[in-house]
Amino acid sequence: MNSLGLLLFKLAAEINLSNRKVPKSIVIGSGIAGIAAAIRLKAKGHEVDVYETNAYPGGKLSEFTQQGFRFDAGPSLFTMPSYVDELFALCNENAGEHFNYDRLSVVCHYFYNDGASFKADSDIDQLAVTLENTMGEERGTVSKYFKKSALIYRITTPVFLENSLHKISTYFNRKGLYGILNLWRLNLFTTMHDSNKQHFRNPKTQQFFDRFATYNGSNPYKAPATLNVIPHLEFGIGAYFPKKGMFSITSSLVELAERHGVKFHYNSRVERIVTEKGKVKGVLVNNDTVTADNVICNADVTPVYRHLLPQLKMPLKVKKAEPSSSALIFYWGIKQQFKDLELHNIFFSDNYKAEFDTIFTKQTIGDDITVYVNISSKYKMDDAPEGCENWFVMVNAPANTGQDWDVLITKTRQHIITKLSRLLKVDIAALIVSESILDPRSIEQRTSSNKGALYGNSSNKRMSAFLRHANFKSSVKGLYFCGGSVHPGGGIPLSLLSAKITAGLIP
């Protein structure tokens, strides 16, 4: 091609680019998946607007302060930080200039009602030594368990977590075929508890590994042993703490999105998703119709169908799905420091099976409960005044089905104080100088989650984890879904993967 021809070619290309329509995408909700989806779509050249009902971003991953104490309101465990780093790299930015984190040397301190306790070291070999010394488990048995957990991760991640399960192309490739051929190794027909009981002799060790079912709001006595992949994420890959607190995940990604042109609209409740002849047209927000080529819902899929898509029939699997557990959380300012407590602490109940039966079958909170205490001021000291600690105290709770929560809160608060006071040998009630409470009702109200469930649907049935709502609506072109209530599931890592899958489906 001569110089004149090359010049004409470049000119034609520039004219073509200038005439090409920039696709417009609207994201409903600024939870972590919505923010990530917005970043990914902006990187693909879309014009992106995010509409958020609340005055702040983050959904459950938010923060607040009270009387000198700062609290991360929701998720407190950070794993798979590479999924956050990836978003900065996608925008050609160095994550370390905006978002930093440390790997925990001790993941969690575990306490039992009979006074036994152990600290779970992040190093698997050291954890095996600890479980041998405290629980009588053989080191080789512990190592074998974690190798199995890692194997489940290698089988499931490329096929069942990183891609849409509702696209045939997912299965007709090398990784897809490998996953299908190895399904038999995922322990789908065994429960988490039965698998852990086969591996470990001490009921305390079984309880330790059973608790990972709570990471997606499920019952270890019903959920498939496939979920025993979770210990690999926490120990094999690592548990971390963001140096500026969990909310800095949200704030750093919002700032990243805004630097690259994503527009956030707060106090803007989407009233309806507008569709016409099998195609999305936009959204109705603040009594105004905003048009778009794509609409991405980062909101619990059940209320989305109920309120935003009344023109569409709610899928039967969504309507009949069992909600995950919810939570009852007390945010306590404590006027004392506890040297023996870690960032994460678990105080187990005596009868774990009865506890989960009470939550999922009786739909209430029992008297013998497992208590989780998170203290971010252990790592971020300015989260509490000098000599004090900020306690995020949580118990698992049923989804909101009309229980008398005021009675349950009063009763449960006393059970927590009695339990912690006995095990820590101090009157906890006398140390509480400030308090806020979050219950399933307020979780439902603030985050539009179905019945206040934290993770969408539970995984209490064999195939539940694989039968979540798709990341797209095949009958409506341009309509997509991301977040914890759709594939691949709840929690920060899976929500970020959900955004990746969804953005990858959009041209």
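Mentor: Begin with helices and strands: they are DSSP runs, numbered from the N terminus, with helices as H or I of at least four residues and strands as E of at least two. Ser448 falls in the loop between α15 (440–447) and β20. This is a predicted model, where local features need pLDDT of at least 70, side-chain atom pairs count only at pLDDT 80 or more, and totals for chains, interfaces and linings use all residues. Residues are numbered from 1 along each chain as its sequence is written, and side-chain values use heavy atoms, with hydrogens and water left out.

Trainee: Why is Ser448 called partly exposed?

Mentor: Buried means under 20% relative accessible area, exposed means over 50%, and partly exposed is in between (1.4 Å probe, protein chains only). Ser448 has 31% relative accessibility, so it counts as partly exposed. Its phi is near 55°, a positive value in a residue other than glycine.

Trainee: Which label does Gln67 get, buried or exposed?

Mentor: Gln67 is at 63% relative accessibility, so it counts as exposed. Gln67 lies in the loop between β3 (63–66) and β4 (69–72). Phi is positive here too, near 50° for Gln67.

Trainee: What makes Gln363 partly exposed?

Mentor: Its relative accessible area is 24%, and therefore Gln363 is partly exposed. Gln363 lies in the loop between α13 (352–360) and β17 (371–374). Its C-alpha atom is 5.3 Å from that of Pro398, 35 residues apart along the chain.

Trainee: Which strands are joined to β15, and by how many bridges?

Mentor: Two strands pair if DSSP finds at least two bridges between them. Nine bridges join β15 to β18 (residues 389–397), in the antiparallel sense. Ala327 stands opposite Asn396 in β18. Six bridges join β15 to β19 (residues 432–438), also antiparallel. There, Trp332 has Glu435 as its bridge partner.

Trainee: What sense do the pairings of β16 have, parallel or antiparallel?

Mentor: One of each. With β7 (residues 106–111), β16 runs parallel over three bridges, and Tyr110 is partnered by Ile346. With β17, the sense is antiparallel over four bridges, and His344 is partnered by Asn374.

Trainee: Why do Leu177, Ile180 and Leu181 make a nonpolar surface patch?

Mentor: Patch residues have over 30% relative accessible area and no salt bridge; nonpolar side chains (Val, Leu, Ile, Met, Phe, Trp, Tyr) are joined within 5 Å, like charges within 9 Å. A salt bridge is a side-chain nitrogen of Lys or Arg within 4 Å of a carboxyl oxygen of Asp or Glu. Ile180, in helix α6 (residues 174–181), is at 37% relative accessibility and so counts as partly exposed. The patch covers about 290 Å².

Trainee: Which residues gather in the patch of positive charge?

Mentor: They are Lys222, Lys313, Lys319, Lys320 and Lys461. Lys and Arg count as positive. Lys313 is in the loop between α11 (301–308) and α12 (316–320). Its relative accessible area is 73%, so Lys313 is exposed.

Trainee: What is omega for the cis peptide bond that joins His487 and Pro488?

Mentor: It is about 5°. Pro488 has its place in the loop between β20 (479–481) and α16 (492–505).

Terms used. Areas by Shrake-Rupley, 256 points an atom, 1.4 Å probe, with all protein chains shown as cover. Charge placed at Lys NZ, Arg CZ, Asp CG, Glu CD.
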